[in-house]
Amino acid sequence: MGFFLEVLVGGLLAGVMYSMVAIGFVLIYKASGVFNFAQGSMVLFGALTYVSLVERHVKPVLAFGVTLGALVLIALLIGRLVLRPLVSRPPIVLFMATLGLSFILEGAAQLFWGAQVHGLDLGIDDKPLNVGGIMISQFDIFAAATAGVLVIGLSLLTNRTRLGLSLRAVADDPLAALAIGVRLPRVWAIVWALAGFVSLVAGLLWGARLGVQFSLSLVVLKALPVLIIGGFSSIGGAIVGGLLIGASEKLAEVYVGSLLGGGIENWFPYLLAMLFLLARPVGLFGEPAVERV
Amino acid sequence: MSSPDTTLSAPRTFKPYPQQRPLLKVWLAAVLVLIAFVVVPVFGNDYWLNAILIPFLVLSLAGLGLNLVTGYAGQLSLGSAAFMSVGAYATYNLLVRVPALPLAVDLLLGGLISAVVGALFGLPSLRIKGFYLIVSTLAAQFFVEWIFTRVSWFSNDDTSGVLSAPRLTAFGWKIDTPAARYLFVLGVTSVLFILAARLVRSELGRRWMAVRDMDTAARVIGIPIGRTKLLAFALSSFVTGIAGALWAFAYLGTVEPHGFDLNLSFQVLFIIIIGGMSSIGGNFLGAAFIVLLPILLSNAAGALATVGIEAGQLQNLQKILFGTLIIVFLIKEPDGLARLVQTVRNRLRDWPLRA
Amino acid sequence: MTTSSNALLSLDHISLSFKGVNAITDISFAVRAGEICALIGPNGAGKSSLLNVINGVYQPQRGSVHFDGHAYRRMNPYHAAHSGIARTFQNIALFRRMSVLDNVLTGRNLHRRSTWLEQTLNVGRARSDETVQRSYAEVVIDALDLQRYRHTTVGTLPYGVQKRVELARALAAEPRLLLLDEPMAGMNADEKHVMAGYVLDANTQFGVTVVLIEHDIGVVMGLSDHVVVLDYGKKIADGAPAEVRSNPDVLAAYLGTRH
């Protein structure tokens, strides 16, 4: 029983990391209606820039600020040069554009900073803690706590501030929001900046765990099942989806994977997502659209 | 009611353009066939055959496969490499386990097996629409990669994980020189392209485009949506599967699961975006692009080095270029190079009559 | 009023609601074979929803649809098409990236006699089948004067022409019943006149029973044999154009003196 709990908790904590990346997607989807495949590359770019600056003896806080600024700049450029010209096209086209973007960002990041793996030290010991007989990694707890703070912060921002109200209005109906005087470009810029911030935090945490390397950009492939289950436009859904995927992935790997020879964590989340979609084509938290003919 | 409009059917009196001179078209086609089937294999050097022409042909075929399901039927698929993999492994097993069967039959059966797998992973498309569908083909991509790695039966219990392609023979003719491999690939590709060109102009092609453009309307006029979508996945995977077999046997020389990874799927998707979705000829243009650009870049390595980009970084530069081109094409010319070529042809046809 | 005995289509106590909002409440009427029946009423009266019920896009909570001698508790669009019901939509549901000819040919899909394999290899019934379908498509294109647009991509055509193409596609299916959702919307008086002519041709030359939704009273009076008036999801009049026109309930609904 203890082992099961350990695997479960480990899975849930991994799921927290997935959720964080997924939240970045949700923010962009709410504002611009597009699944930003390039998010993973932004995570990579952020982590790589931060690490390279720190290695060049830039103070961590400054490095964080510079990186954030760079990410926000990139986000704004994307909005202007890529999303605006494609505004009326079907979602598949937008997705393919973000695919192209991801290639550009990955290539640029590695062209700039090189392709070696960098270690990232955030100053947290990864000694496992013994909580009630279960071993939990300290780092995972820190990551979960950070995620929690992030989510609470975002929820407060969205639900309690005027900016949050404008955000929700834009997400619901951009034209109507325009009509009541909301400044669309400003709101979009803020949302993309927030997404950049979340990406950077997620990138730093992931990078500390796995090392900052190219495969970081593949987290996007983990985020997709999370979003499908949790819905693309709900932060709460991203959390639940992430936890679900994280837990089921680890449990499946241990209990089912041993029967099948291991290595199933690549496709298992997708199988799960597919089953969900077949049962409920709009995800757990999505809003079904009433199609008027 | 107004009387029928007959002015446009009046005969033209000026000199006919090549499009209206069928004899010229036949001559051009004959010359092309001569060059492709005779001149190239006889005079072509090994490097060109092995590193450029063969992958170009096979990738065109893979692009054609993806185009059928994504370009014509509108069902986005990110699993091309997976279906190529199925075709390669199926053909490999047939070649090795049932040596009595001729190569053509092995290829055909390999394609059929791939078609069945494709239809299976296409089943979700009956309920899931639009962008969400990529989940199904991504699941296929990861699952297929995994199963060919884990289950050793597919690899004929070879422990190395990388299988070498067996010797190919067709009708007693040993396909072991670059020229022979090229001709073999050219033959298979030509046949499939001709069939596909007919297919997309048939009723099925029309139904695919109807489902792509507005499936609710298609349902209302009586088109069986489910059957139409499944046929798209099946036929697409058939072509893609054969392309995969050719990729492994005629180009790589090896069969391994990681040679058919997500990157390859992306490459094939880029081929149809750049070449032109819902186009047959466009697949050649897109494949030419994908094959020639890296070569161009490595040839320009000297010039690039002076700008500070070392040779090791060429792959990253390539990534940036591809990404940029995708976006440019999506914004400016969503119907790809095929439409661009057509526009240029139309302009040349009117020149110098255009003011 | 048409009796159910000689009716091609009859609706029996149809009620339809969306999440608690009643779109249609207890509507019954019948359409005789060969007639042109107009559905009129203020906006939001439930006319489009009614058409959607007839061809199975919406399922009514109560009531049934009788078509061509069969009763349907639940109809679906595929089945409706196969039974001989064709329709056009308010917001033009054409295949925008295909040509006019291709769009009309898709309308022939129910009459295809060859398989995709036969067509690809050009064997068996493929050739004769293709000739038959093309000939009929040409008949329809000819009848609606679309010859000059035959190879034009539909998405580039003017609005009025697109509406004609949609009508052509519906007619190409050789339907028994044609449902037209505001076929003359957005047209000026001349265009309406021409379109009305095409609808009349559909009825007389092609022998199709027509149910159409229309706002222009002049068109309705001139074109239809039978008028059904809806208001707030209920039927408030049903009969020949002349009687309906002088019905006080109808006048009140249009002028808004009741409620």
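Me: Which strand order does the open sheet of 4 strands in chain C have, and with what pairing?

Reply: Strands of a sheet pair through backbone hydrogen bonds, either parallel or antiparallel. In this predicted model, the open sheet of 4 strands in chain C has the order 2-1-4-5 with antiparallel pairing, where strands are DSSP runs of E of at least two residues, helices are runs of H or I of at least four, and both are numbered from the N terminus; two strands pair if DSSP finds at least two bridges between them. The edge strands, each pairing on one side only, are strand 2 (21–32) and strand 5 (70–72) of chain C. Residues are numbered from 1 along each chain as its sequence is written, while chains are lettered from A and ligands numbered from 1 in the order in which they are written. Local features need pLDDT of at least 70, side-chain atom pairs count only at pLDDT 80 or more, and totals for chains, interfaces and linings use all residues.

Me: Over how many bridges do strand 1 and strand 2 of chain C pair?

Reply: Strand 1 (residues 7–18) and strand 2 of chain C pair in the antiparallel sense over 8 bridges, and C:L9 stands opposite C:V31 in strand 2 of chain C.

Me: Which residues of helix 5 of chain C are buried?

Reply: An α-helix has 3.6 residues a turn, so residues three or four places apart point the same way. In helix 5 (residues 126–143) of chain C, the buried residues (20 or more other C-beta atoms within 10 Å of their own, with C-beta atoms placed from the backbone; exposed means 12 or fewer, partly exposed in between) are C:A126, C:Q133, C:A137, C:V140 and C:I141. On the other side of helix 5 of chain C, C:S128, C:T131 and C:S135 are exposed.

Notes. Expected span 1.5 Å × (residues − 1).
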